[in-house]
Amino acid sequence: MSAEEERRLARVALTWLAEPGTRAVHHLVERHGPVETLDLLLDGGSPDGWLHSTVAARSAAGDARAVAAEALERADRLGARLVTPDDEDWPAQVASLAELRLPDVSRRVDGETAPPLCFWVRGSWPLGEALDRSVAVVGARAATGYGQHVATELGYGLAERDWTVVSGGAFGIDAAAHRGALTAGGLTVAVLACGLDRPYPMGNAALFDRIAETGLLVSEWPPGAEPLRPRFLIRNRVIAAGTRGTVVVEASARSGATQTARRAIHSNRVAMVVPGPVTSAMSVGAHEFLREQPKARLVTGVAHVLEEVGRIGADLAPLARGPQRATDALDDEARALLEALPRRGAMGVDRLSARAGVALRTALRKLSLLEELSMVVRRDDGYALAPPARQKRAAAETSGRPVT
């Protein structure tokens, strides 16, 4: 076995001995390398008491190197590959997890947020390239029709603009975002909390196969690993740090989606939230996250998302505007005269000037202009509003042209 193969085998073995994200293992690998770290842990030399107990318990179930070798063979039969930091397509941005520290940590899973040792990947795209220009779209499993519609639109719009859509492959918002990207013919990545041969949920098996054909399935856990509950939070740190930003579409009061967004904020990534109906239980967590996190951004569509994660000054969202009206181009005097005219019948210039509060000479000049624009008509008894059909044609002709 070559030195490179030994290092790769050691990384797989370490991920099996201790869950991904374990900081003590990460520090040892940084100091000694994966092979020496594996030897140290197997000899009982862990400086961390909890890690020592974990390694002992796992070692009782099998030989770490043998388990790793079997995982590599199993992945080969599955058509998957192992990607490590020594490979060219390693996503460099996940290194920022070394600095991730969540405040008010009470659970071990929230403290063990170190960078991955390796990834298992199914699909032909280079992993680093796929994640380089990516946005995560996450949310509730029990999504409403509103939430699924929004997630699909976001997935489609981002993929259409050559952004990779990343999510967790779950029911609800995750699946809708993946399907939106696939429908647009774009790239999507599902980051799993289990082995690639045991995709969870099984109800999305066909979706996972579609993703693997044109995008990527990614996991830190070797083939055969089960989708245990803590692994979803461990997985979420990769979704947060591996992308440029995370969008939460719907989230209940206790939602893993907001945990992903929380990890994004503390990884110096952009966390975004799509608002929902205040009457929906699926909006409670999302809205609370917006209230509690000053750095979170409210977004309502693809344009807003791109403004947050895109190039500075180049991906600005257009300002929200109502429909343009012909009167928008008028100055104050012309608009005052138009508003002073009766809805029916005509009015003399003297009376109209007084009613609008506009000097007589100015009123005559502005009324001539309004007549030219087909907004008013002159009659024997004064001026009247032009018929609606004529005003509609005038609006089309003067659209965008300032009138003074």
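The model is predicted, so local features need pLDDT of at least 70 and side-chain atom pairs count only at pLDDT 80 or more, while totals for chains, interfaces and linings use all residues. Residues are numbered from 1 along each chain as its sequence is written, and side-chain values use heavy atoms, with hydrogens and water left out.

**Confidence**
- The average pLDDT (the predictor's confidence in each residue, from 0 to 100) is 92 for the chain, and 92% of the residues score at least 70.
- Over residues 400-404 pLDDT stays under 50, and the model has 12 contacts (heavy atoms within 4.5 Å) for them beyond four places in sequence.

**Sheet**
- Nine strands form an open sheet with mixed pairing, in the order β1-β2-β6-β5-β4-β3-β7-β8-β9.
- Its edge strands, each pairing on one side only, are β1 (81-83) and β9 (297-298).
- Strands (E, at least two residues) and helices (H or I, at least four) are DSSP runs, numbered from the N terminus; two strands pair if DSSP finds at least two bridges between them.
- β1 and β2 run antiparallel and are joined by three bridges, with W120 in β2 as the bridge partner of L82.
- β2 also pairs with strand β6 (residues 216-219) in the antiparallel sense, over three bridges; here W120 stands opposite S219.
- Strand β3 (residues 134-138) and strand β7 (residues 245-248) run parallel, joined by three bridges, and V138 has V248 in β7 as its bridge partner.
- Helix α11 (residues 229-242) packs on the sheet and touches β2 (119-122), β3, β4 (164-167), β5 (188-192) and β7.
- The direction of α11 makes about 150 degrees with that of β5, where axes are lines fitted to C-alpha atoms, for helices over the stretch in contact, and angles run from 0 to 180 degrees between N-to-C directions.

**Surroundings of H287**
- H287 belongs to helix α13 (residues 284-292).
- Leaving aside residues up to four places away in sequence, H287 touches P275, G276, P277 and V278.

**Charges over rings**
- A charge sits over a ring if NZ of Lys or CZ of Arg is within 6 Å of the ring centre and within 35 degrees of the ring normal.
- R108 places its charged end over the ring of W50, 4.0 Å from the centre.
- R141 lies over the face of F232, 5.5 Å from the ring centre.

**Backbone features**
- The peptide bond joining Y200 and P201 is cis, with omega of about 5 degrees; P201 is in the loop between β5 and α10 (205-214).
- D104 is not a glycine, yet has a positive phi of about 55 degrees; D104 is in the loop between β1 and α6 (108-111).
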